[in-house]
Amino acid sequence: MRMAFKLINPASLGAPRGFSNGVLTYAGGRLLFIAGQVAWNEKQEIVSHDFVDQFDQALANVITVVSAAGGTATDIARLVIYVVDLNEYRRFTREVGERYRARMGKHFPAMVLVEVSGLLEEAAKVEIEGVALLRA
């Protein structure tokens, strides 16, 4: 049995596209806090210098952590996406959206996108962290 979420999207905020304004979860689950994931492979090497490929791998790594804890992508309640170049993200919004939907379907948790001056892994262009609610 999957944990249920109620999406909170007040009409006064307009219709969100690609995210939810709030995600209400119900008691009885376990919270999984997912550390920031970059586009690393199992050797901790960045898989590509391409922004879209990096986004895809970082998201895949987030989902891998959730899976290892016994959950699925639809258990993710919140994502924080850090990028080093907001304009690069904007240039590839369509491609990023395609990769997102390939991994997450039409599951849109509460999300935030933040531009940062740099990430710990120098070659990383994107880092994604999250919170998931898994069944008890």
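How many residues does the largest nonpolar core have, and which of them have the most contacts inside it? The legends below begin with that core. The model is predicted, so local features need pLDDT of at least 70 and side-chain atom pairs count only at pLDDT 80 or more, while totals for chains, interfaces and linings use all residues. Residues are numbered from 1 along each chain as its sequence is written, and side-chain values use heavy atoms, with hydrogens and water left out.

**View 1. The largest nonpolar core.** This core has 23 residues. Those with the most contacts inside it are Phe55, Leu59, Ile76, Leu79, Met104, Val126 and Ile128. A nonpolar core is a set of buried Ala, Val, Leu, Ile, Met, Phe, Trp, Tyr and Cys residues joined through side-chain atoms within 4.5 Å. Buried means under 20% relative accessible area, exposed over 50% and partly exposed in between, with a 1.4 Å probe and protein chains only. Two or more core residues come from each of β3, α1, β4, α3 (93–104) and β6. Helix α1 gives the most, with eight residues. Helices (H or I, at least four residues) and strands (E, at least two) are DSSP runs, numbered from the N terminus.

**View 2. Surroundings of Ile76.** Ile76 is one of the core residues with the most contacts. Beyond its neighbours within four places in sequence, Ile76 is in contact (heavy atoms within 4.5 Å) with Phe5, Val62, Ile63, Val66, Met104, His107, Pro109, Val131 and Ala132.

View 3. Four strands make up an open sheet of mixed pairing, in the order β3-β6-β4-β5. Because β3 (29–37) and β5 (110–115) stand at the edges with a single partner strand each, one side of each is left without a neighbour in the sheet. On average, neighbouring strands of this sheet are turned by 10 degrees against each other, direction ignored. β3 pairs with β6 (residues 126–135) in the antiparallel sense over seven bridges; two strands pair if DSSP finds at least two bridges between them. Leu133 in β6 is the bridge partner of Leu31. Helix α1 (residues 51–68) packs on the sheet and touches β3, β4 (76–83) and β6. The direction of α1 makes about 25 degrees with that of β6. Axes are lines fitted to C-alpha atoms, for helices over the stretch in contact, and angles run from 0 to 180 degrees between N-to-C directions.

View 4. Ser20 is found in the loop between β1 (5–8) and β2 (22–25). With a relative accessible area of 4%, Ser20 is buried. Its side chain reaches the backbone oxygen of Phe108 at 2.7 Å. A polar contact is a pair of N or O atoms within 3.5 Å; within protein, one must be able to donate a hydrogen and the other to accept it, and residues adjacent in sequence count only if both atoms are side-chain atoms. Not counting residues up to four places away in sequence, Ser20 touches Leu7, Asn9, Phe108, Pro109, Ala110 and Met111. Leu7 lies in strand β1 and is partly exposed, at 47% relative accessible area. Leaving aside neighbours within four places in sequence, Leu7 is in contact with Ser20, Gly22, Val23 and Phe108. The C-alpha atoms of Leu7 and Ala77 are separated by 9.7 Å, although these residues are 70 residues apart along the chain.

**View 5. The aromatic pairs.** A search of the whole structure finds two aromatic pairs. Rings of Phe, Tyr and Trp (its six-membered ring) pair if their centres lie within 6.5 Å; planes under 30 degrees apart count as stacked, over 60 as edge-to-face and the rest as tilted. Phe51 and Tyr89 form an edge-to-face pair, 6.3 Å centre to centre with 80 degrees between the planes. This pair links distant parts of the chain, with Phe51 in helix α1 and Tyr89 in helix α2 (residues 86–91), 38 residues apart. Phe51 is buried, with a relative accessible area of 1%. Tyr100 and Phe108 have ring centres 5.6 Å apart and planes at 10 degrees, so this pair is stacked. Tyr100 is buried at 6% relative accessible area, whereas Phe108 is partly exposed at 22%.

**View 6. Asn61 in helix α1.** Asn61 is found in helix α1 and counts as buried, at 13% relative accessibility. A polar atom of the Asn61 side chain lies 2.8 Å from the backbone oxygen of Val38. Leaving aside neighbours within four places in sequence, Asn61 is in contact with Gln37, Val38, Ala39 and Trp40.
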